[in-house]
Amino acid sequence: MSVEPKPRQPVVTSLKINKRSYDISLDTRTSLLDALRDHIGLTGTKKGCDHGQCGACTVLVDGKRVLSCLSFAVMNEGKDITTIEGLASRDGKLHPMQRAFIDHDAFQCGYCTPGQILSAIGCVNEGHAESEDDIREYMSGNICRCAAYPNIVAAVLQARDETKGA
Amino acid sequence: MDPAAPKPKENMGKPLPRIDARLKVTGQAHYPADLPTANIAYGALATSSIAKGKVTALHLDDARAVPGLLDIVTYGDMDNIEKPKFGNSGATSIGPLHDKTIFHDGQIIALAVAETFEAAEEAAQLIRADYEEDKPTASFDSPGAITVPAAGKSPMYKEDVKAGDFDGAYAAAAVKIDERYSTPTQHHNPIELFSTTALWQGDQLIVHEPSQNVTGWKVELARQLKVDPGQVRIVSPFIGGAFGSKGPMTPRTAIVAIAARRLGRPVRCVTSRMQAFGTQTYRAETRHRIRIGAGKDGHIIAFSHEGWEVTSRPDLYVVGGTSATGRMYDYGSVLTHVSVVQTDRNTPGYMRSPPETPYVYALENAMDEMAWALGMDPVEFRRINEPKIEPIGKKPFSSRSLIQCYDQAAKAFGWAGRDPKVGAMRDGDWLVGMGCATAIYPTNVAPCAARVRLTSDGEVRVQCGSHEIGTGVRTVAGQMASERLGIGFEKISVEMGDSSLPPAPVSGGSISTASVCSAVLKACDAIRAKLFTAATGEGGPLAGSHNEELEIVDGKIKAKGGASAKIEDVFKVMQVGAIEEYVEFAPKGATPEALKKLYAGTPEFHGGEQDEDSVKYAFGAEFVEVRINRYTREIRVPRIVGAFAAGRIMNTRTARSQLMGGMIWGIGQALHEATEIDSRYARYVNCDLQDYLVPVNADIKDLQVILVPEVDHAVNPAGVKGLGELGNVGTAAAVASAVYHATGKRIRDLPIRIEDLLA
């Protein structure tokens, strides 16, 4: 586009989220995270630091895990965005990673959980879930202050083979 | 077997998955800042850039020029409301917009409100203040620090406990130590940011804010706003981690409420991670001097614990952990003294096991030093000093399974295979060390109300104004109702986190499971009594049976002889569609005003060391293995085992998870967590999750939790001892003990970092 976007001036942005299209008018400074939460109403994605340090806002963009607080919404036009609300099937059947998180009690307060689950799916897709040590390392961008870490590792292991390429 | 779902042993409930698990993995658990609100405006805080002085002028023009700005709430705008109060529900007495005095760095100076979050942030950052600045006092050794004996100065700390003649016994002891320990400033850093969303509907105010104390906040916020408590409702159905940080209400809540009233629109203010360091509470740094004297046989004859804690200028916050450390072992004589040190900092507050984390760390590190001084195995040293009664009030323990915890944890850990010599264990380039320590937490309980309804089709609804902060209290309350009413867990629903529900105490001091389950138990028993009376009465399906012989299993009332009746048939006899019981539970020893105080948001705590009949504590033993790289001195904790006994375990899954989380917190306290302070400006400098270190997944490897069976009917009707704050007590001392075993270096100041082990 040749027109320089002006800060503060709203621009209409088209976002494809969980296979649905949304056209919303946004301040260009709006992060993808705030667009999801405040403008679209998908509040399953959480704000924990707004600095890319905690992982709570992790979503999948074109299948790869992205920190939605560090990405402007307007940068994501035309991309496939998946949030926690888009994982279960329409009939309510949970994604294997969601099921595994319940089975292994991989959360307590549940606040970091959407980010953990999307990060876990990304981690498996990247091929970084081959060993427990790998999972620990590649899931370390998602802080769980309740410290459910051993249970998160067990959940990722359980769901790993079912979620490859999901 | 899945380690997340331990098989229940004696006096333990099933490892049912959390009642809200599906909501939490699908993004449908709505935390207070998640609720969609029409026509909402966004607030952003501006905070002071100095720690001590006065605001002489505020420059708002640049902020007002930001497109979309709606309002700025600042000095003068809060004059018609009451200042906050410190204590109970209030985090601080500082009314930041009542007074242009600056008491600490990062104090609120204004709230900018705008149409969008982005505009509010921009405006807040353009607000500038002129100050008359004084030199601030940052911490213990800073000029201007004032040391005050805690006893008698704060209602939170009544006396310095003591017993016998410490001075005489210490002088005569054959083996003694006299050492100093310290713990750093720490911030809770729950992953959910602090936030307030205020909506007025006429003169009714609804506040959505993560809270561990909805009833207390309702009353305190109404007082500040000079309205009737009936006009205020606090809603907090899910809380994204709390650890004490969401117990007391901060001044922000009233400021946002005023902004919403002025604007005639809902206002939401989400505090940034950085601003939370100065506008919320924290665990203040502490210092300790411990003296222990023992005979050559290892029996302690003298114990002294002196503690110093930082607090703010206006509020004497004190934790005073000597109450627990002074009762831990069979000391003979005890001398304690706690002081608070006033500085120009924000007021500290409760953080997971507030007294025990620092004080028991110091005690247990000292116990390990003493064991070395005696040439004795540290487990054996504790066994020798196991008390029959506690040394201060000479009361029995309602139950104490510490030695069982040591035995089971030591066995699982392989303690017997340790080479006890310093530096004797190695694995390639890694020095291996092993250590252990005791965990202790007082068993408290408070009055609590609950409403339980059973319908004729076997649905149960439990309502209680407690708080689901991740502990699993919603799950165990439902489990209690399920067990007691013989109704399947899937037919139970539990509502919590709303001040319009029956009041529950603050979810602090590990009282929730004990208090809530005791209330739910009482309500269920009242429902049972009605059902049983109808079933056994004239025309009832079990006429002739006695109530006390009946049980409810799988929706059926069963008599001793084998006769049974469906619950719905008993409802038909009663000619009702539902039985609902509203009950108020008051623990043994409660004062006549106890229930009134529950509604007033100032609940009485019972248990711990306060009861006449016995002292009540939960215990645990933790063993850790550390590995220290011989070249880089990197410290790892690849293995940790904890065994804990805490009376009735309602749910082995949620109990294990809480203890596991606590143990990992303990590792964080040992190796990671510290808020750094620039002493020139009394300013926190690592105010984000990159520089404030907390354990991440890669820091934790092999972790084992052992639940040791224990039965204690004295603690409360549910027989439950709180364990949410037990797991992180002692852990840091066990790590320090293992570091000493590996390296011969005794580290007394937390956290233990690479630089402490160089050279």
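Read along the sequence, chain A goes β-β-α-β-β-β-α-α-α-α. Helices here are DSSP runs of H or I with at least four residues, strands are E runs of at least two, and both are numbered from the N terminus. That comes to 5 helices and 5 strands for chain A. Its radius of gyration is 16 Å, close to the 15 Å that the globule rule gives for 166 residues, so chain A is as compact as a globular protein of that length. The radius is taken over C-alpha atoms, and the rule is 2.2 Å times the number of residues to the power 0.38.

Quick housekeeping before I go on. This is a predicted model, where local features need pLDDT of at least 70 and side-chain atom pairs count only at pLDDT 80 or more, while totals for chains, interfaces and linings use all residues. Residues are numbered from 1 along each chain as its sequence is written, and chains are lettered from A and ligands numbered from 1 in the order in which they are written.

Okay, back to chain A. Along its principal axes, the C-alpha trace spans about 50 × 30 × 25 Å. How many of its 166 residues count as buried? It's 55%. Buried means 20 or more other C-beta atoms lie within 10 Å of the residue's own, exposed means 12 or fewer, and partly exposed is in between, with C-beta atoms placed from the backbone.

Now the sheet. In what order do the strands of chain A sit? The order is β2-β1-β5-β3-β4, in an open sheet of 5 strands with mixed pairing. Two strands pair if DSSP finds at least two bridges between them. On the edges you'll find β2 and β4 (64-67) of chain A, each pairing on one side only. From one strand to the next, the twist averages 40°. For angles, axes are lines fitted to C-alpha atoms, for helices over the stretch in contact, and the values run from 0 to 180 degrees between N-to-C directions.

Let's look at β1(A). It runs antiparallel to β2(A), and 7 bridges join the two. One of the pairs to look for is Ser14(A) with its bridge partner Asp23(A) in β2(A). These two strands form a hairpin with 2 residues between them, and in the turn Asn18(A) has a positive phi of about 50°. With β5 (residues 80-82) of chain A, β1(A) pairs in the parallel sense over 2 bridges. There, Lys16(A) has Asp80(A) in β5(A) as its bridge partner.

Which helices pack on this sheet? One is α1(A), which touches β1 and β2 of chain A, its direction making about 90° with that of β2(A). Another is α3 (residues 113-125) of chain A, touching β3 (58-61) and β4 of chain A, at about 40° to the direction of β3(A). For contacts, two residues count if their C-beta atoms, placed from the backbone, lie within 7 Å.

Stay with α1(A) for a moment. Why is it largely enclosed by the rest of the structure? Because 7 of the 9 residues of this helix (residues 32-40) are buried. Among them are Leu32(A), Leu33(A) and Asp34(A). What covers them includes β1 (11-17) and β2 (20-26) of chain A, together with α3 of chain B. After the helix comes Gly41(A), whose phi is positive, near 90°.

That brings us to chain B. It has 17 helices and 32 strands. The radius of gyration is 27 Å, close to the 27 Å from the globule rule for 759 residues, so chain B is as compact as a globular protein of that length. Its C-alpha trace spans about 85 × 75 × 50 Å along the principal axes, and 61% of the 759 residues count as buried.

Where do the chains meet? The contact takes 48 residues from chain B and 51 residues from chain A. On the chain B side, α1 (21-26), α3 (117-126) and α16 (652-671) each supply at least two residues. The most comes from α16(B), with 6 residues.

Last stop, Asp419(B), in the loop between α11 (402-413) and β17 (425-427) of chain B. Buried or exposed? Exposed, because Asp419(B) has 12 C-beta neighbours inside 10 Å. Leaving aside neighbours within four places in sequence, Asp419(B) is in contact with Ala424(B) and Met425(B). Asp419(B) and Met434(B), 15 residues apart in sequence, are 9.1 Å apart in space, C-alpha to C-alpha.
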